[in-house]
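Please keep the sequence and the model open while reading.

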Amino acid sequence: MSTTQKAAVAAVAAALGVTALAGCGSSDDSASGSGSTKGGSKTVTLVSHDSFNASKDVLRKFTRETGYTVKVLKSGDAGAALNQEILTKGSPRGDVFFGVDNTLLSRALDNGLFTPYEAKGLDRVPADVQLDADKHRVTPVDTGDICVNYDKKYFADKKLAPPKTFADLAKPAYKDLLVTENAATSSPGLGFLLGTVSAFGEDGYQDYWKKLKDNGVKVVDGWEQAYNEEFSGSAGGRKAKADRPLVVSYASSPPVEVLYADPQPKTAPTGVATGTCFRQIEFAGLLDGAKNEAGGKALLDFLIGKKFQEDMPLTMFVSPVAEDAKVPELFTKFGATADKPATVAPDAIAEHREQWVQSWSSLVLK
């Protein structure tokens, strides 16, 4: 995204913790068709990573159409949020979980976190992102590419070409310049690790990470610290006088730096090394044991509805999965496109993820 996900949402951000959104609305169920709220709770709780964000008018529309008010419970990075749901399995803290991605999906499914539900509108979503299409335990909501971002000013001042590929990052010219997230605690960090597995294979990724460590890669716990505190190209990093001009973030991060600058620049201050991208797909699912199952189903329908899908690019800086959703010009103009992002088959991730993360941890963190 992580949404995690996810890309630069700290710049956008709503309050952390439990945030009630959407206000009051009618109790009709004209849009989602998941039933009346009579006799049940009129609040539906969405558990998510910290980067979930939506326009208030969009969530008010959900309330008007269904009668349900959305309460958002934010729970840290995507990996941390998922861990909390696993610990409370069967007695969930909410009704719907948003933010599990293809790097962590098998953990969620193997732990039986979700009740199957086929959301209305899936016919508008491409088959290649419906990774659980046979059982519908999760619903795809967005896609994003995890990529290395670079500080354009730094490289211009140094008269140094920014890196283009994974291999470039290990070159002496980029020593002590890269910050990434911990692959064991962060979905962008894990996505970047999987990108290197895709690029160098199971036999070569460990040697690659040895080279990165020798080249001074810095590892921090999560995306927010990496991007907003350590990366010299972000607004937060410039304020903190950060000294790392390379960061693992998203292909959609540059539009954030434009949208929230005052005045808005004509070009983004950050760029994307598109040869370092890994494709992320984020999902939402109805939590097993949800107290408001009807409201949860209505919310899943809404998350892939056109209104929410068109809101995401400039609130969470991710791409919609619905083929009929329009994407804002600012998002396409300043964001980058990875023509051939790295991918790893879901079954390979499920089988080897823990082994890859353990090997990575022993190589890089010790």
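Which residue just after α1 takes a positive phi? Gly67 does, with a phi of about 90 degrees. The model is a predicted one, in which local features need pLDDT of at least 70 and side-chain atom pairs count only at pLDDT 80 or more, while totals for chains, interfaces and linings use all residues. Residues are numbered from 1 along each chain as its sequence is written, and side-chain values use heavy atoms, with hydrogens and water left out. Helices (H or I, at least four residues) and strands (E, at least two) are DSSP runs, numbered from the N terminus.

**Helix α1 and helix α9**

Two packed helices are described by the angle between their axes and the distance between the axes. Axes here are lines fitted to C-alpha atoms, for helices over the stretch in contact, and angles run from 0 to 180 degrees between N-to-C directions. Helix α1 (residues 56-66) and helix α9 (residues 293-303) have axes that come within 11 Å and cross at roughly 130 degrees. That angle makes α1 oblique to α9, given that angles under 35 degrees count as roughly parallel, over 145 as roughly antiparallel, 65 to 115 as roughly perpendicular and the rest as oblique. The crossing of α1 past α9 is right-handed; a crossing is left-handed if the near helix is turned anticlockwise from the far one by less than a right angle, and right-handed if clockwise.

On the α1 side, the contact (heavy atoms within 4.5 Å) is made by Val58, Leu59, Phe62, Glu65 and Thr66, and on the α9 side by Gly295, Ala298, Leu299 and Phe302. Sorted by type, the residues of this contact are six nonpolar, two polar and one charged, where Ala, Val, Leu, Ile, Met, Phe, Trp, Tyr, Cys and Pro count as nonpolar, Asp, Glu, Lys and Arg as charged, and the others, Gly among them, as polar.

**Helix α5 and helix α12**

Helix α5 (residues 187-214) packs against helix α12 (residues 346-364) at an angle of about 30 degrees, with the axes 11 Å apart. That makes α5 roughly parallel to α12, and α5 passes α12 in a left-handed crossing. The residues that meet include Leu190, Leu194, Tyr205 and Trp209 in α5, and Ile349, Trp356, Trp360 and Leu363 in α12. By type, the residues of the contact divide into 12 nonpolar, four polar and four charged.

**The disulfide**

A disulfide is a covalent bond between the sulfur atoms of two cysteines. The structure holds one disulfide, defined as a pair of cysteine sulfur atoms within 2.5 Å, and it joins Cys147 to Cys277 with an S to S distance of 2.0 Å. This pair links distant parts of the chain, since Cys147 lies in strand β6 (residues 139-151) and Cys277 in strand β10 (residues 270-287), 130 residues apart. The torsion about the S-S bond of Cys147 and Cys277 is about 115 degrees, so the disulfide is right-handed. Both Cys147 and Cys277 are buried.

**Backbone features in loops**

Asp176 is in the loop between α4 (152-157) and β7 (178-181), and is partly exposed, with a relative accessible area of 38%. Phe317, in the loop between α10 and β11 (319-320), counts as buried at 0% relative accessibility. The peptide bond from Asp262 to Pro263 is cis, with omega near 5 degrees, and Pro263 is found in the loop between α8 (254-259) and β10.

**Around Val220**

Val220 has its place in strand β8 (residues 218-220) and counts as buried, at 5% relative accessibility. Leaving aside its neighbours within four places in sequence, Val220 is in contact with residues including Val179, Glu181, Ala226 and Glu230. The C-alpha atoms of Val220 and Glu230 are separated by 9.0 Å, with the two residues 10 apart along the chain.

Notes. Buried < 20%, exposed > 50% of the residue type's maximum accessible area, 1.4 Å probe, protein only.
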